[in-house]
Amino acid sequence: MKRVIISGIGVSIPEASISNEELVASFNAWVDMENPKREAAGEPLLQKSDVAFIEYASGVKNRHVLVHDGILDPERMAPRIPPRADEELSVMAEFGVASARRAIADAGIEPGDIDMVICAASHHQRPYPAIAIEIQNALGIPGAAFDMGLGCSSAAAGLHVAYNLVRTGAQRRVLVVTPEIITGHLNFRDRQTHFIFGDASTAVILEPIEEGETRPGRFEVLDTRGWTQFSNNIRTNFGFLLRAGQEDTSVVEMEGNMIKQVGNKVFKEVTVAGHRFIVNFLADHGLTPHDVRRFWLHQANARMNAMILKLAFGHDVGHDRAPMVLERLGNTAAAGAVIALYENHKDLKSGDIGLLCAFGAGYSIGSALLRMM
């Protein structure tokens, strides 16, 4: 088996952003418009959104979005992303290419040096041609490409696959791209979820190194691991069979079929599962949480991350040990943990151990144990 490193990381965060105050004003304006109809039907919307509630429940204060237009319009409340011709680069592939180019530059290689592309994201713009193949074509990468998804654990799952392909010698160099345009699938009229997500794209490159070789400033991947357990507490029902279940097949009903979650159950169950996973994964390598210099956890909920680490350490853990980007970016789905890694690793010393770990729908957990070279 070959030793494997992360030789390049790239991140693309859209310029446009939306504050909690803007999001709340839009949501509440929609409630005021909608309630006369709901009251007539005997089903009024009793709760408006609130900035204090959002910040307490999630820790999110701001989020960046790929397309701002349309989201805050109470008449629409969805990004306005016009369709592109089949011959044009798709929106998702374009977003993925942006972070991929940065990862390639960071690795100091050319696209032709890569022989596989994995597009690992929580949502994909279409089933085929695969977005990964489109990204591969746009960059001029030889070899093969495929899409995969595991909710917010997708990037970590992509790392798991790429790591094992490279260490066995099946692939020479793998690019894992995670373009998350999750605002396109978010119900901005759902009080429980409208504030959670933002958009971002990340990319990482994995390649082998020779025994005894060192690459200062890069991470060696010591191991990766995944875990899943079925749960309906985070779910979307939007898919190709939705149209087939409706009498009027000319219109696809989105209400009730976009992202939904039972927040209190997700918080409790994922906190317990995440803590157990981390402790057991580390123990299998003769480590405890105290041996880990830095944790880059899924950026979904600040209180959840704090509780997972408090259970692991027996006390509260600060930003230096477990940095958060959630406050300013929101939950960027599978991209979040990679962004936390990208922004918070250059101060680490040779030999320092780090753990990237993401939690997602499924339930799912994916992790990579890293050591600074």
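Predicted model: local features only at pLDDT ≥ 70, side-chain atom pairs only at ≥ 80, totals over all residues.

Biologist: Are α1 and α2 parallel, antiparallel, perpendicular or oblique to one another?

Modeller: The axis of α1, which spans residues 20-40, comes within 9 Å of the axis of α2, residues 51-58, and the two cross at roughly 120°. Because angles from 65 to 115 degrees count as roughly perpendicular and those over 145 as roughly antiparallel, α1 is classed relative to α2 as oblique.

Biologist: Which residues make the contact of α1 with α2?

Modeller: By class, this contact has three nonpolar residues, one polar residue and two charged ones. From α1 come Asn20, Glu21 and Val24, while the α2 side is made by Val51, Ile54 and Glu55.

Biologist: How many cavities of 30 Å³ or more are there, and what is the volume of the largest?

Modeller: With that cut-off, the count comes to one cavity. The volume of the largest cavity is about 30 Å³.

Biologist: Which element gives the most to the lining of the largest cavity?

Modeller: The lining is made up of Ala155, Leu159, Val176, Thr178, Thr202, Ala203, Val204 and Val338, and these divide into six nonpolar, two polar and no charged residues. At least two lining residues each are supplied by α5 (154-167), β6 (174-180) and β7 (200-209). The element that gives the most, with three residues, is β7.

Key: Residues numbered from 1 in each chain as written. Heavy atoms only, no water. 1 Å grid on protein atoms, 1.4 Å probe; cavity = no way out; pocket = protein on both sides within 12 Å on 5 of 7 lines; lining within 4 Å. Points joined across faces, edges and corners; volume = space filled by probe spheres on them. Helix = DSSP H or I, 4+ residues; strand = E, 2+ residues; numbered from the N terminus. Nonpolar A, V, L, I, M, F, W, Y, C, P; charged D, E, K, R; others polar. Axes fitted to C-alpha atoms, helices over the stretch in contact; angles between N-to-C directions. Parallel < 35°, antiparallel > 145°, perpendicular 65-115°, else oblique. Contact = heavy atoms within 4.5 Å.
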